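User: I'd like to learn how to read a model like this, feature by feature. Could we begin with the charged contacts?

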Amino acid sequence: VQREMVDAIICDPPYGVRAGARRTGSRKAHQGKKANDVDIWKYGKKHVPSSIPYPVEDVMADLLDVAAEYLVLGGRLVYLLPTVGDFDSSKLPTHPCLSLIAHSSQALTGGFDRRCITMKKSRKWEPSLKATRRDKSSEPAPCYADVAAHVFRKQPSASTSTKGEERKKQYEKKEDIDPREKREKSSEIYKVNNSEGLPLT
């Protein structure tokens with residue numbers, strides 16, 4: 001297989017803000033259970049491979065691995081990455097063959113930023129060189145790990161809850177009034193406001 005043949009890779013990888021990324025894999029294995037092998041010769045085209053969630057951290061690490069393998073020396077990798085909270089460029093995905101040369105930010109609604117990351121291939125690729133991956137059991141998540149949880153998290157304000165309580169009280173008051181009393185009040189209001197003497201309907 002020919003490697004190191006691409007001058008530039010420009011992409012907008014899935015980062016799970018509206019639709020989470022998924023990849024082919026066994027759901028049982030993903031849950032830590034024993035998975036049975038599928039006999040593709042038996043099922044052929046009828047077999048539909050199952051899919052499992054594809055965390056954005058793994059998406060980015062795999063992207064850097066592919067870029068390091070197929071970019072020529074001096075080639076560029078340009079991709080978009082959403083971030084929330086405090087941003088530190090040292091927390092961006094890294095690879096031994098790639099160096100960060102630029103990044104810019106665009107503020108979006110929802111409380112997150114979309115950043116354009118530009119990296120340059122500065123070292124010849126070797127099979128042993130892989131993108132850096134954190135230990136998810138002990139190391140804190142980076143600012144791009146789960147953007148959707150921050151974007152779609154509902155935090156009702158005090159004013160919103162107060163208005164809701166007021167509407168609820170008004171509704172309860174209306175329910176306490178007898179239906180006949182409602183009709184009588186409506187008729188009285190119509191008589192007062194009907195200055196032209198139109199017939200009641």
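User: How many salt bridges does the structure hold?

Analyst: General idea first: a salt bridge is a side-chain nitrogen of Lys or Arg within 4 Å of a carboxyl oxygen of Asp or Glu. In this structure there are 9 salt bridges. Keep in mind that this is a predicted model, where local features need pLDDT of at least 70 and side-chain atom pairs count only at pLDDT 80 or more, while totals for chains, interfaces and linings use all residues. Residues are numbered from 1 along each chain as its sequence is written, and side-chain values use heavy atoms, with hydrogens and water left out.

User: What does Lys124 pair with?

Analyst: Lys124 forms a salt bridge with Glu4, and their closest N and O atoms are 3.0 Å apart. Here too the pair links distant parts of the chain: Lys124 is in the loop between β6 and α4 (147-151), Glu4 is in the segment before β1, and 120 residues separate them. Lys124 counts as exposed because its relative accessibility is 52%, and Glu4 is partly exposed at 22%.

User: Which residues are linked in a network of salt bridges?

Analyst: That would be Asp58, Asp62, Asp65, Arg133 and Lys136. Another salt bridge to look at joins the side chains of Asp113 and Arg115, at 3.7 Å from N to O. Arg115 is buried, with a relative accessible area of 8%.

User: Which ring does Arg115 lie over?

Analyst: A charge sits over a ring if NZ of Lys or CZ of Arg is within 6 Å of the ring centre and within 35 degrees of the ring normal. Arg115 lies over the face of Phe87, 3.7 Å from the ring centre.

User: Let's turn to the inside. Which residues have the most contacts in the largest nonpolar core?

Analyst: In soluble globular proteins, nonpolar side chains tend to be buried together. A nonpolar core is a set of buried Ala, Val, Leu, Ile, Met, Phe, Trp, Tyr and Cys residues joined through side-chain atoms within 4.5 Å. The largest one here has 23 residues, and those with the most contacts inside it are Met60, Leu64, Leu77, Tyr79, Leu81, Leu98 and Met119. The elements giving two or more residues are α3 (56-70), β4 (71-83) and β6 (112-121), and α3 supplies the largest share, 7 residues.

User: What is Tyr79 in contact with?

Analyst: Contact means heavy atoms within 4.5 Å. Leaving aside neighbours within four places in sequence, the partners of Tyr79 include Cys11, Pro13, Met60, Leu63, Leu64 and Met119. Arg115 is also one of the residues in contact with Tyr79.

User: And what does Ala8 touch?

Analyst: Ala8, found in strand β1, touches Leu71 and Arg76, not counting residues up to four places away in sequence. Ala8 is partly exposed, with a relative accessible area of 43%.

User: Finally, how many helices and strands does the protein have?

Analyst: The protein has 6 helices and 6 strands, running β-β-α-α-β-α-β-β-β-α-α-α from the N terminus on. Of its 201 residues, 25% count as buried. Among contacts between residues at least 6 apart in sequence, 74% join residues at least 24 apart.

Conventions
Helix = DSSP H or I, 4+ residues; strand = E, 2+ residues; numbered from the N terminus. Buried < 20%, exposed > 50% of the residue type's maximum accessible area, 1.4 Å probe, protein only.
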